[in-house]
Amino acid sequence: MAEPKVSGSGHDKLMIGQSATSVYVAHAILILGLVIVAFPIYYTFVASTQTLQTILRPPLPLTPGGEFWNNYTEALFGGAGRIGGVGAGTLLLNTTIMALGIAVGKIMISILSAYAIVFFRFPFRMAIFWLIFITLMLPVEVRILPTYKVMVDLGLIDTYAGLIIPLIASATATLLFRQFFMTIPGELVEAARVDGAGPWRFFFDILLPLSRTNIAALFVILFIYGWTQYLWPLLVTNRNDMTTIVIALKKMVSFADADTQWHLVMVTAILAIVPPILVVVLMQRWFVRGLVDTEK
Amino acid sequence: MATVDLKDVRKVYPGGVEAVKGVSIAIPDKELCVLVGPSGCGKSTLLRMIAGLETISSGTCAIDGKVVNAVGPTERDIAMVFQNYALYPHMKVYDNMAYGLRNRGTPKDEIDSRVRSTAKVLELSHLLDRRPRELSGGQRQRVAMGRAIVRNPKVFLFDEPLSNLDAKLRGQMRVEIKNLQRSLGVTSVYVTHDQLEAMTLADILVVMNAGLVEQMGAPLDIYEKPASTFVASFIGAPPMNLLAIAAKPDSQADTLEKFFANGAGLGIAAPVLAATLGFRPEDADVLGEGEKPSGSLKLPATVEAVEPVGAESFLYCAAAGGRIVVRVAGRAVAKPGDSLEVLVPAGKLHWFDSTGKRV
């Protein structure tokens, strides 16, 4: 292990964490936390590489078995019996479309409504703002029956549109963008007007580039929000090939152990957590920048 | 290239506040007009109305002979330099300058040549690839100027462009703006609250107060003949000395003999209507021993403080009619506590009536 760094530039004061013991203690706590979080995921992965028989006969080995290829191929392309043999590939596609649709849709709608509220003067502007604001107090669960009825009437059950549209409006994101837009100096808006930028030009040339870190941070949060949706997809999808991976995972598990293809459940669980991890890892730099600094 | 004509321009805000109460200014082609006044006097509102960023409640604004009341800022063919520069933070200097041209559909190669030649004039050529946050205050100011110049507009509008710079840079940029404006020959309107900037830059100086024009004219004319006590105290640093005077209560109202508030006589004849007497610090002199000039105002005074500036010194004195400032050349001989006689030639005295208007 590397020698803990102690500052030696003439300053004898030690910052917290710079003494040797505190560095080791801090690392021990961090590693312990990591193990607690990571072990169940590792164990799921181990289970996903075993045969069904190995899983059902405890104890489960602590190292991966030899069924990786078979299990993953079967789950991705064959599918479990309890969900009508729909492959996890289809489920992943459905969920990706839904999560992307929700994230992109939410960002588009909220950035446009925030743009209207902050930069335009129109009648009932504040009334509309407050209307958006109070929807914060109405979660999906509260308005789920009327929403479901509307979706049925529109014939959107078992469609991507039905999965995405009811979840697209977002008061939180609108408020977030509103707060950010209000920090943009009025002179900048006026400079753009003098420079001949109309409302659309201003939006695309100036507002959107300035908001890109906010958009990135929001995208990560909203993608994961969309990915982990449970109640709404459960209601609005009946066909197994239109459902999301989270719902499918639940459907794959039966009360009777023997009825459940545990090895495929484990594979599906692993597959379900890979895309959100990828999004976070790939967008981490932007995500942190969006949370930390506002570039102005 | 263009004239700017304001006729009885008013601005009433929805709340009922009247920011500009009927202003008429005619700016001839190629001249630089400075609007100066204390904060809240309506000078910025007036400028923004010329820019088209604020609607005109009544009256007309004409650029190049065409009334532009209903024309948006883009179509007015004006360029504006803002107090906080208002550069687009995500764009490079080059794009900041090119943006307005692009929006107007200027051909690409023309944009390039215009941006590069403007950058050369402003010594920005080596900074074209930088972003605004990588520039110093003075450089940002220059980019803001460049963004205005590159468009080659009919009118330049400056909204306190130098107030964010330090004193030295401000002096430098002031000269640069003046030279640029003169060599480009673009009609300009410049808003400032700094009377020094106003005096040095203006072809036409407009002193505003409470939404109205107090006085308009050549800077030195205004300096020499301020139309009111407001202008007298606003233009010039230190400001003009103003002393209240009145006729004795028991004497006839139209007497030419007036007295200071403490009862001391003026010793010279004053206009009948005069209620305030004014003189510039540099027009006063300290009376030497044995001198007996006639026809001048003599004020006995006590020195309270001395401010040596180098080439000149300011004596802050308590005189018969109130506190006054006297400028003396070089080092001051007087010390705080000294008594002396301040002498002002009659021709250098300004008289104002009870409403503050020049008599």
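Tutor: Let's take the labels one by one. This is a predicted model, where local features need pLDDT of at least 70, side-chain atom pairs count only at pLDDT 80 or more, and totals for chains, interfaces and linings use all residues. Residues are numbered from 1 along each chain as its sequence is written, while chains are lettered from A and ligands numbered from 1 in the order in which they are written.

Student: Why is Tyr85(B) called buried?

Tutor: Buried takes 20 or more other C-beta atoms within 10 Å of the residue's own, exposed means 12 or fewer, and partly exposed is in between, with C-beta atoms placed from the backbone. Tyr85(B) has 24 such neighbours inside 10 Å, so it counts as buried. Tyr85(B) also has a positive phi of about 70° without being a glycine.

Student: And what makes Asn152(B) partly exposed?

Tutor: Asn152(B) has 14 other C-beta atoms within 10 Å, so it's partly exposed. Its phi is positive too, about 55°, and it isn't a glycine.

Student: How do you know which residues of chain A are in contact with chain B?

Tutor: Two residues are in contact if their C-beta atoms, placed from the backbone, lie within 7 Å. On that basis, 16 residues of chain A are in contact with 17 of chain B. α9(A) gives the most to chain A's side, with six residues.

Terms used. Helices (H or I, at least four residues) and strands (E, at least two) are DSSP runs, numbered from the N terminus.
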